[in-house]
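Here are my notes for your first look at this one. Keep the viewer open and follow along point by point.

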Amino acid sequence: CDLSLLEITVIGNLLFRGCTGLKSVVIPESVTEIGYRAFENCTGLTSVTIPNSVVTIGEYAFEYCTGLPSVTIPNSVAEIGNGAFKGCTGLTSVTIGNTVSSIGNGVFNGCTGLTSATIPNLVTIIGNNAFDGCYNLTGTLNIPNSLTYLENATFRNCTGLTSVTIGNSVTS
């Protein structure tokens, strides 16, 4: 689905929800926001291109897109909404842009295929259960100095992690 010929600024709430036959999406440069549950349950989705114009990825935007193997969140994004990639079991690789400051509750909850994650240095919020159930997440995870508080169960069931480096600003 190439939306690049359209002059739209928002991918609306629930717009492609449950479109299981949707395989690939190219989001145009005019889009600044991906709405609530916009691509939820698009289980056939194997490729999505998020442009540098996007600032917000809405809550549950790609929840249960189980066929999505990787995603790049561009440097323009400031906020990844709650559960945005929850249950994306096929997701093995995630690149999070350097400008992301907020990773919502349960963003990668149940992403059992995820093997690595890098948390950008500007992140000030990682929500509850953000990486819960990512048991294939391995190696070392670095919590940046920008974070002052770790929420409940953020890394629960991440049994593959061998070490975590917590930044010196974390107080709780």
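1. Before anything else, a word on pairing: two strands count as a pair if DSSP finds at least two bridges between them. With that in hand, look at strand E3 (residues 33-34) and strand E5 (residues 56-57), which run in the parallel sense and are joined over 2 bridges. Find Ile34 and you can trace across to its bridge partner in E5, Ile57. Bear in mind as you go that this is a predicted model.

2. Now zoom out from that pair. Which strands make up the open sheet, and in what order? There are 6 of them, arranged E1-E3-E5-E7-E9-E10, and the pairing is parallel. At the edges sit strand E1 (10-11) and strand E10 (125-126), each of which pairs on one side only.

3. What about the chain as a whole: how many helices and how many strands does it have? The count is 0 helices and 12 strands. So if you write out the pattern along the sequence, you just get β over and over: β-β-β-β-β-β-β-β-β-β-β-β.

4. On overall dimensions, the C-alpha trace spans about 45 × 25 × 20 Å along its principal axes. The radius of gyration is 15 Å, which agrees with the value near 16 Å that a compact globule of 172 residues would have.

5. Of the 172 residues, 45% are buried. The accessible surface comes to about 7500 Å², and carbon and sulfur atoms own 50% of that. As for contacts with a separation of 6 or more, 27% of them link residues 24 or more positions apart.

6. A quick look at charge: the chain carries 5 positive and 10 negative charges.

7. Last stop, Ser101. Where is it? In the loop between strand E8 (93-96) and strand E9 (102-103). Buried, partly exposed or exposed? Ser101 counts as partly exposed because its relative accessibility is 26%, and that class lies between the 20% and 50% cut-offs.

8. Leaving out residues up to four places away in sequence, Ser101 touches Ala78, Leu122, Val123, Thr124 and Ile125. For Leu68, 33 residues away along the chain, the C-alpha atom is separated from that of Ser101 by 24 Å.

Conventions
Residues are numbered from 1 along each chain as its sequence is written. This is a predicted model: local features need pLDDT of at least 70, side-chain atom pairs count only at pLDDT 80 or more; totals for chains, interfaces and linings use all residues. Side-chain values use heavy atoms; hydrogens and water are left out. Helices (H or I, at least four residues) and strands (E, at least two) are DSSP runs, numbered from the N terminus. The radius of gyration is taken over C-alpha atoms; the globule rule is 2.2 Å times the number of residues to the power 0.38. Buried means under 20% relative accessible area, exposed over 50%, partly exposed in between (1.4 Å probe, protein chains only). Contact means heavy atoms within 4.5 Å. Accessible areas come from the Shrake-Rupley method with a 1.4 Å probe; for residues, only the protein chains shown count as cover. Lys and Arg count as positive and Asp and Glu as negative; His and the chain ends are not counted. The place of a charge is taken as NZ of Lys, CZ of Arg, CG of Asp or CD of Glu.
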